[in-house]
Amino acid sequence: MQDTALYEYLLGLKTPWKVARVELNVNEQHVDVWAEHPDGIVWGCPTCSRELTLYDHAEERVWRHLDSCQYKTFLHARIPRVQCPEHGVLQVLVPWAEPKSRFTLLFERLAIDVLRQCDVSGATRILRISWDEAWGLMERAVRRGQERKARKVVRRIGVDEKAAAKGHRYLTLICDLDKGTVEHVAEDRKQESLEEYYKGLTKKQLEGIEAVAMDMWEPYIQATAARVPDAAEKIVFDRFHVMGHIGKAVDTVRKQEHRELMKEHDETLKGSKYLWLYSRENLPEHKRDEFDALMRQELRVGRAWAIKEALRRLWHYVYPASGWKFWKKWYFWATHSRLEPIRKAAETLRRHIDNILTYYLHPVTNAMSEGLNSKIQKIKSMACGFRNTENFKTAIYFHCGGLDLYPC
Ligand SMILES: [Zn+2]
């Protein structure tokens, strides 16, 4: 077998393309392959497929292909141009690459596989491509996936904010809670951030939304109320965020009490911060005695903690009527506790209670996308080189978008 025939086979070249010449450069460790076509071929207009004769050739271009053993391999060709009466002078499509790509289809497929498995700098070393080339490949893959994505109804969505970088730049993430994919990433956490997602949906998609899990965050509430039909019945304030609010109040009680005790040189609460953040069953075995001893001292923080723990029962009810009854009892207890931070947190919950208890209709939480969260955390931690939020967004869509990334 001649080397030209071998490369025709390896490259999977289709007629009319043939390998004209192969050059091996041992010093630089690369193989160059030139593809050509015979005269008299009929080409299709890339836009309308109209059959046309050759007009001229574009300048020679180079595509990176899969390595031949350890040798980087490059395909060279001059792409024919046609003159379509309707679309003008255009380059025809070549079977080995997508328009404007500097890589062959097979190389792109491999690159996507590698990029999915490791971080960008690792992929650049394995594939021997540059940082910018790697990001270019990811962006193209994401764009391809998004163009192909069918307009389906996402029934249950979760809206969450993510700090994009130090210095409090936020992104808004909209997730499909059933599939565990990120549907949309928007800058900031304003009303417009979430509305940007809703605006991109069809009427049918908007009507198809059954539940939206979110934090009690006014801009998200406003955006959903403005765009989603019957939003009042569909917004579900995420229970973990709700518990987070009350947990913060417990911590405030602890801080105040600790400060007062320390004035009397009483170190009872010193170093106890994390103890109060646990729920009863998550308290580590070796901390139990210490915790029980504190609870016996009738501290204010102990009462605050007990009120917080009790609230968790709210999500155990099946019947809304029983849930409401429990809520009223709890609210009375919290607001008569003489613990100001707890009273304040209870007031916040009261203002939002209707959409906390929509949970009985739609038992959704943002924790359904917990797996997703840890994935995004990983993307962030390996993102030593996110030079901008654009790259962070691309990486989220690439790894969590559930998109079909491969070229055809
Ligand atoms: Zn045409």
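This is a predicted model: local features need pLDDT of at least 70, side-chain atom pairs count only at pLDDT 80 or more; totals for chains, interfaces and linings use all residues.
Cys 45 and Cys 84 are both buried.

## Helix α12 and its two sides

Helix α12 covers residues 320–335, which makes 16 residues.

Which residues of α12 are buried? They are Gly 323, Phe 326, Trp 327, Trp 330, Tyr 331, Ala 334 and Thr 335. When α12 is viewed down its axis, the buried residues fall within an arc of 150 degrees, and they therefore line one face of the helix. An α-helix has 3.6 residues a turn, so residues three or four places apart point the same way. The buried residues of α12 pack against α9, α11 and α13 (340–356). On the other side of α12, the exposed residues are Ala 321, Lys 325, Lys 328, Lys 329 and Phe 332.

## Salt bridges

The model contains 30 salt bridges. Side chains of opposite charge can pair when their charged atoms come close. One of the salt bridges joins Arg 21 and Glu 23, with 2.6 Å between the closest N and O atoms. Arg 21 is partly exposed at a relative accessible area of 38%, and Glu 23 is partly exposed at 39%.

Another salt bridge joins the side chains of Asp 251 and Arg 254, at an N to O distance of 3.0 Å. These two residues are three places apart in helix α9 (residues 239–263), so about one helical turn separates them. Asp 251 is buried, with a relative accessibility of 13%, and Arg 254 is buried as well, with 8%. Both values fall under the 20% limit for a buried residue.

A further salt bridge connects the side chains of Arg 300 and Glu 260, with 3.4 Å from N to O. This pair links distant parts of the chain, since Arg 300 lies in helix α11 (residues 300–311) and Glu 260 in helix α9, 40 residues apart. Arg 300 is partly exposed at 27% relative accessibility, and Glu 260 is partly exposed at 41%. Elsewhere, Glu 98, Glu 108, Arg 140 and Arg 144 are linked in a network of salt bridges.

## Backbone details in the loops

Thr 15 and Pro 16 are joined by a cis peptide bond, with an omega of about 10 degrees. Pro 16 lies in the loop between α1 (3–11) and β1 (18–25).

Gln 29 is not a glycine, yet its phi is positive, near 55 degrees. This residue is found in the loop between β1 and β2 (30–36), and Gln 29 is partly exposed, with a relative accessible area of 33%. His 265 also has a positive phi without being a glycine, with a value of about 60 degrees. His 265 is placed in the loop between α9 and α10 (288–295).

Is His 265 buried or exposed? His 265 has a relative accessibility of 73% and therefore counts as exposed, because the limit for exposed residues is over 50%. Ser 279 is also found in the loop between α9 and α10, but Ser 279 is buried, with a relative accessibility of 10%. Leaving aside residues up to four places away in sequence, Ser 279 touches Trp 305, Glu 309 and Arg 312.

Definitions and conventions:
Residues are numbered from 1 along each chain as its sequence is written. Side-chain values use heavy atoms; hydrogens and water are left out. A salt bridge is a side-chain nitrogen of Lys or Arg within 4 Å of a carboxyl oxygen of Asp or Glu. Buried means under 20% relative accessible area, exposed over 50%, partly exposed in between (1.4 Å probe, protein chains only). Helices (H or I, at least four residues) and strands (E, at least two) are DSSP runs, numbered from the N terminus. The expected span of a helix is 1.5 Å times one less than its number of residues. The arc is that of the directions from the helix axis to the C-beta atoms. Contact means heavy atoms within 4.5 Å.
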